[in-house]
Amino acid sequence: MVHDIRAFASLPSTNLYAKQNLPQLKDGEVIWAKEQTQGRGRLGRKWDGEEGALCFSLVLKRFPNPELLPLLTGVALAWTSEGYGLSPLLKWPNDLILGSKKAAGILVEGVYEAPCRAYVVGVGVNLSQKAFPTTLPNATSFYLQGKGSIDPSSFLESFLAQFDRAMEEQSSALAYLRSHDFLLGQEITLDYYGEGIHGKEVGIDGQGKLLLQKDDGSIQTISSGEASLLRKR
Ligand code: BT5
């Protein structure tokens, strides 16, 4: 896939820019903001994209299975991290974990209005931050994992190559996800259609769905579009 990159010195949010300018954006195009002042996470949460962060959004106008998008994007981030000599894990459905802490987050948004049905895949990567505010005790960066200051444009290029690979090799990408499952065996609470459900994460199936063992022993299969992780119980 061709990935043209539109780079900006500063934007409030690359996802917002992509959604507001969809008709002029091509399939595969990337919006990259060197500084992002009002980055957002899922469920209206805030994303901290201060100096040292890499924040971008990828526009996809043809992707049949949106539930796989955050998962495949996470795998592409993990493969990119391996290229820098790190040993990543993935926290279903969408966090890159380095040294047991969050090094990147993903926000996939669907835009369904005519004339532009598309998905915007927003990615925030902590590359060169040397410290995080006390409000983010579970955040880490590539710098803090001993990788020095990584050039954001090289990281972005590597990520885009790995993203294309994950799209082409979806079953091996999902197999990678299953074998790099940060939550495996953990007691967790999920937000499931607005309700908190608890259980033990006993794996991820071949379609990328989370397997949650409930207290009564039954297994519930949950797709990424249905739930988000609230916390470890
Ligand atoms: C995410 O949400 O992890 C998705 C983050 C997506 C950010 C990208 S940047 C480019 C594009 N444009 C946008 O406006 N957004 C996307 P979620 O799983 O809801 O996690 C959000 C939570 O992560 C926050 O409530 C904080 O606790 C924590 N957090 C915020 N900033 C962080 C950071 N830089 N590193 C680690 N954790 C962070």
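## Close-up views of a predicted model

**View 1. Tyr84 and the residues that it touches.** When neighbours within four places in sequence are left aside, Tyr84 makes contact with Lys147, Ile150, Ser154, Phe155 and Ser158. The structure shown in this and the following views is a predicted model. Tyr84 itself belongs to the loop that runs between helix 2 (69-83) and strand 4 (89-91). With a relative accessible area of 22%, Tyr84 is classed as partly exposed, because values between 20% and 50% fall into that class. A further reference point for this view is Ser153, which stands 69 residues away from Tyr84 along the chain, with 14 Å between the two C-alpha atoms.

**View 2. Pro152 in helix 4.** Pro152 has its place in helix 4, which covers residues 152-168. Is Pro152 buried, partly exposed or exposed? Its relative accessibility is 30%, and Pro152 therefore counts as partly exposed. Once residues up to four places away in sequence are not counted, Pro152 touches Trp32, Leu54 and Leu127. Between Pro152 and Ile106, which are 46 residues apart in sequence, the C-alpha to C-alpha separation is 17 Å.

View 3. The ligand is surrounded by 26 residues, and the closest of them are Ser13, Arg40, Arg45, Asp48 and Lys102. Among the atom pairs that can be picked out here, a backbone N or O atom of Asp48 is placed 2.8 Å from a nitrogen atom of the ligand, while a polar side-chain atom of Gln36 is found 3.0 Å from a nitrogen atom of the ligand. On its own the ligand has 800 Å² of accessible area, and the protein covers 90% of this. Helix 1, strand 3 (53-60), strand 6 (101-111) and strand 7 (118-126) are the elements that each give two or more residues to the shell around the ligand. The space that the ligand takes up is the largest pocket.

View 4. Asn15 is part of helix 1, which is made up of residues 14-20. A polar backbone atom of Asn15 lies 3.4 Å from a nitrogen atom of the ligand. The relative accessible area of Asn15 is 4%, so this residue is buried. Apart from its neighbours within four places in sequence, Asn15 is in contact with Arg40, Ser57, Leu107, Glu109, Val120, Val121 and Gly122; one of these, Arg40, is also listed among the residues closest to the ligand.

View 5. Leu43 is located in the loop between strand 2 (30-36) and strand 3, and its phi angle is near 50°, a positive value in a residue other than glycine. Because its relative accessible area is 58%, Leu43 is described as exposed. Tyr193 sits in the loop that lies between strand 8 (187-192) and strand 9 (195-204), and here too phi is near 50°, again positive although the residue is not glycine. The relative accessibility of Tyr193 is 59%, and Tyr193 therefore counts as exposed.

View 6. Pro93 is part of the loop between strand 4 and strand 5 (95-98).

Definitions and conventions:
Residues numbered from 1 in each chain as written. Predicted model: local features only at pLDDT ≥ 70, side-chain atom pairs only at ≥ 80, totals over all residues. Heavy atoms only, no water. Helix = DSSP H or I, 4+ residues; strand = E, 2+ residues; numbered from the N terminus. Buried < 20%, exposed > 50% of the residue type's maximum accessible area, 1.4 Å probe, protein only. Contact = heavy atoms within 4.5 Å. Near = heavy atom within 4 Å. Polar contact = N/O pair within 3.5 Å; in protein donor to acceptor, adjacent residues only side chain to side chain. Areas by Shrake-Rupley, 256 points an atom, 1.4 Å probe, with all protein chains shown as cover. 1 Å grid on protein atoms, 1.4 Å probe; cavity = no way out; pocket = protein on both sides within 12 Å on 5 of 7 lines; lining within 4 Å. Sits in = over half its atoms within 2 Å of the grid points.
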